[in-house]
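Hi there,

Here is the model I promised to pass on.

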Amino acid sequence: MLDHVPYLPYVLSAFIGIGLAAATGFRVFLPMFAVSLASYLNWIPMNENFEWLSGLPTLITTGIATVAEILAYYIPLIDHLLDTISIPMATVAGSILFASQFADLGTFPQWALALIAGGGTAATISSGFAGIRAASTATTGGLGNSVVGTTETAGAGIMTVLAIAMPILAAICTLILVVLVIVYGRKALRKLRGKKNTAHNT
């Protein structure tokens with residue numbers, strides 16, 4: 001029945017791409033590793049333009065990077081250093097994973113859509129959690145950062161699985177996530193700025 005829905009493959013591709021982009025907003029390399037592993041094992045198809053994602057070198061590289069990224073977020077100061085580069089890296093990774101789902105569109109529309117939808121989603125979530133982490137550092141002295149880090153890793157894993165297995169649900173969760181991150185990220189930043197102003201005035 002769904003086979004007769006116009007442009008259904010593109011819609012599903014968009015949902016998968018959005019879900020994967022959201023996952024990179026939590027952790028840059030975990031979603032790329034998962035996609036690389038799934039395509040390497042032939043669980044999911046990969047367009048010839050993105051065959052490098054399913055190659056063994058990419059699988060090994062993203063696997064090592066995933067472990068390093070996850071562990072680094074539990075090290076004080078290093079987690080803040082990663083936050084400064086995570087947003088542009090997440091934007092690139094989200095754009096790549098989104099574009100990998102739209103190889104039939106043509107180069108310009110493919111990457112334009114990837115940058116706007118994929119990169120924008122990843123950047124929004126990544127920047128939101130960077131703000132939450134900064135507020136956590138200011139309010140808990142960094143003790144709460146491990147909780148934020150664990151939440152991000154879990155979010156990346158869950159969103160990646162949903163994007164591949166249940167793309168419609170992944171798209172819905174992404175929309176909810178973006179709204180929540182924007183709302184709570186702004187609140188966290190306002191709280192942080194308020195504390196800085198109070199400390200400055202005293």
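At what angle do H4 and helix H5 (residues 107-140) pack, and how far apart are their axes? The angle is about 155°, and the axes of H4 and H5 are 7 Å apart. Axes here are lines fitted to C-alpha atoms, for helices over the stretch in contact, with angles from 0 to 180 degrees between N-to-C directions. H4 is therefore roughly antiparallel to H5 (over 145 degrees counts as roughly antiparallel, under 35 as roughly parallel). The contact of H4 with H5 involves 13 nonpolar, 11 polar and 3 charged residues. For these classes, Ala, Val, Leu, Ile, Met, Phe, Trp, Tyr, Cys and Pro are nonpolar, Asp, Glu, Lys and Arg are charged, and the others, Gly among them, are polar.

Before going further, some ground rules. This is a predicted model, in which local features need pLDDT of at least 70 and side-chain atom pairs count only at pLDDT 80 or more, while totals for chains, interfaces and linings use all residues. Residues are numbered from 1 along each chain as its sequence is written, and side-chain values use heavy atoms, leaving out hydrogens and water. Helices are DSSP runs (H or I, at least four residues), numbered from the N terminus.

Next, the other helix pair. The axes of H2 (residues 29-40) and H4 (residues 78-99) come within 10 Å and cross at roughly 25°, which means that H2 is roughly parallel to H4. On the H2 side, Phe-29, Pro-31, Met-32 and Val-35 meet Met-89, Ala-93, Ile-96 and Leu-97 of H4 (contact is heavy atoms within 4.5 Å). By class, this contact of H2 with H4 has 8 nonpolar residues, with no polar and no charged ones.

Helix H3 (residues 56-72) has 17 residues and should span 24 Å at 1.5 Å a residue; its end C-alpha atoms are 24 Å apart, which agrees (the expected span is 1.5 Å times one less than the number of residues). Among the buried residues of H3 are Thr-58, Leu-59, Gly-63 and Glu-69 (buried is under 20% relative accessible area, exposed over 50%, with a 1.4 Å probe and protein chains only). The buried residues of H3 pack against H2 and H4.

Asn-42 sits in the loop between H2 and H3 and, at 68% relative accessibility, counts as exposed. Thr-153, in helix H6 (residues 145-165), counts as buried at 17%. Apart from neighbours within four places in sequence, Thr-153 is in contact with Arg-27, Leu-30 and Ile-70.

Best wishes

Terms used
Helices (H or I, at least four residues) and strands (E, at least two) are DSSP runs, numbered from the N terminus. Angles under 35 degrees count as roughly parallel, over 145 as roughly antiparallel, 65 to 115 as roughly perpendicular and the rest as oblique.
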